[in-house]
Each structure stands twice: as C-alpha cells, then as structure tokens.
Amino acid sequence: MSVSEEIPGAREARAICATRSNDPSMLLEILHDLQVRVGHIPGESVPILADCLNLSKAEVYGVVSFYHDFRTEPGAPITVRICQAEACRSMGAEALTERLLSRYGVSLSEISAAGVTFEPVYCLGNCALAPAAMVDGALIGRADGAAVDAAIAEAGR
Ligand code: FES
C-alpha cells in the first residue's frame, strides 16, 4: 500500500475520478459519489481530487464548502428501513433493495463505508404509497433510489 492510499478517501477519490475520465466538469458528481462511498468528503481527499482533475485545491475546496449537502466529517450511522411486505413487494421493493445494497456495497444489516445500514421491515403503515421506506425515522412513499439517496443526504447533515 502506498502512502497516498493510507490517506482517508484517497483510493476511492482516485477510482471515482477515473470512472468519470478525470473530467473536471464532473466535480459535483465525483464529490457526490465520494460522499456515498466514504460517508463524507475527507479534507485529505481535496488535494487528490485537485490533482486528478487538474484543478487547484482552492477550486475543489470551494465547491465542497459551498454546497451544504457535502459533509467534511463522518456522521453517525444512518438506518434505512425498506418495507418487504406484500404491497411493497408488488411495487418493486425487492428490486429497490437490491439496487441500494449494490450501490452502497453492503448486505442487509451491514454498515457501509458511508455509515449507512439497510434493514428489512414488514409494513410501515404506508401501503397506499408503496414501496415505502424510512430513513432515520422519516417516512418515504413511492420510494425510489433518488428519494432514498436524498433522505440519506438530509439525515447526514
Ligand atoms: S406493505 Fe409496505 S408499507 Fe405496508
């Protein structure tokens, strides 16, 4: 392991930049992906992102500090409950769960690097708006990946 790989978020930052062709116009997307993977934007990753994207550290830091959705410190674990009962299963809860687990790189009940854990639940009393999910106590109807991601980002503030 090289010294730079021991820096928090370094490996992830380089890998995410590479998947976005080290394109500086993709900085926002890269920061979002890094936060999903690591749970926050480690300060140590700023010079690495700047190097990969051929930007100044000030440019990267400026974007991180401007958008309140980006966290620079790790947060407490966030619990996502996705209903697996009949009404929600018939509306795609199983596929939604699989997509989210894959995206966050975990199995049920594991805690992701981003500090998120997914738990099954059997009816949240929101069957009319299936599939239903709950993120740290906030109920989501007609849940999809974007809505769950947004709720996770909100819970992490
Ligand atoms: S079956 Fe999912 S909320 Fe009731």
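Biologist: At what angle do helix 6 and helix 7 pack, and how far apart are their axes?

Modeller: In this predicted model, helix 6 (residues 93–104) and helix 7 (residues 145–155) pack at an angle of about 50 degrees, and their axes are 10 Å apart.

Biologist: Why is helix 6 called oblique to helix 7?

Modeller: Angles under 35 degrees count as roughly parallel, and 65 to 115 as roughly perpendicular. The angle here is about 50 degrees, and that makes helix 6 oblique to helix 7. The crossing of the two is right-handed.

Biologist: Which residues of helix 6 and helix 7 meet?

Modeller: Helix 6 contributes Leu96, Leu100, Arg103 and Tyr104, while helix 7 contributes Gly145, Val148, Asp149 and Ile152. By class, this contact has 5 nonpolar, 1 polar and 2 charged residues. Gly counts as polar in this scheme, and Tyr as nonpolar.

Biologist: What makes strand 2 and strand 4 edge strands?

Modeller: The open sheet of 4 strands has the order 2-1-3-4, with mixed pairing. Strand 2 (116–121) and strand 4 (138–140) each have a single partner strand, so one side of each has no neighbour in the sheet. From one strand to the next, the twist averages 20 degrees.

Biologist: Which strands do helix 6 and helix 7 lie across, and at what angles do they run?

Modeller: Helix 6 lies across strand 1 (78–83) and strand 2, at about 155 degrees to strand 1. An angle over 145 counts as roughly antiparallel, so that term applies to helix 6 and strand 1. Helix 7 lies across strand 1, strand 2, strand 3 and strand 4, and runs at about 20 degrees to strand 3.

Biologist: How do helix 2 and helix 4 cross, and which residues make the contact?

Modeller: The axes of helix 2 (residues 27–38) and helix 4 (residues 57–66) come within 11 Å and cross at roughly 65 degrees, in a right-handed sense. Leu27, Leu28 and Leu31 of helix 2 make the contact with Glu59, Val60, Val63 and Val64 of helix 4. The classes are 6 nonpolar, no polar and 1 charged.

Technical notes:
Residues numbered from 1 in each chain as written. Predicted model: local features only at pLDDT ≥ 70, side-chain atom pairs only at ≥ 80, totals over all residues. Heavy atoms only, no water. Axes fitted to C-alpha atoms, helices over the stretch in contact; angles between N-to-C directions. Left-handed = near helix turned anticlockwise from the far one by under 90°. Contact = heavy atoms within 4.5 Å. Pairing = 2+ DSSP bridges.
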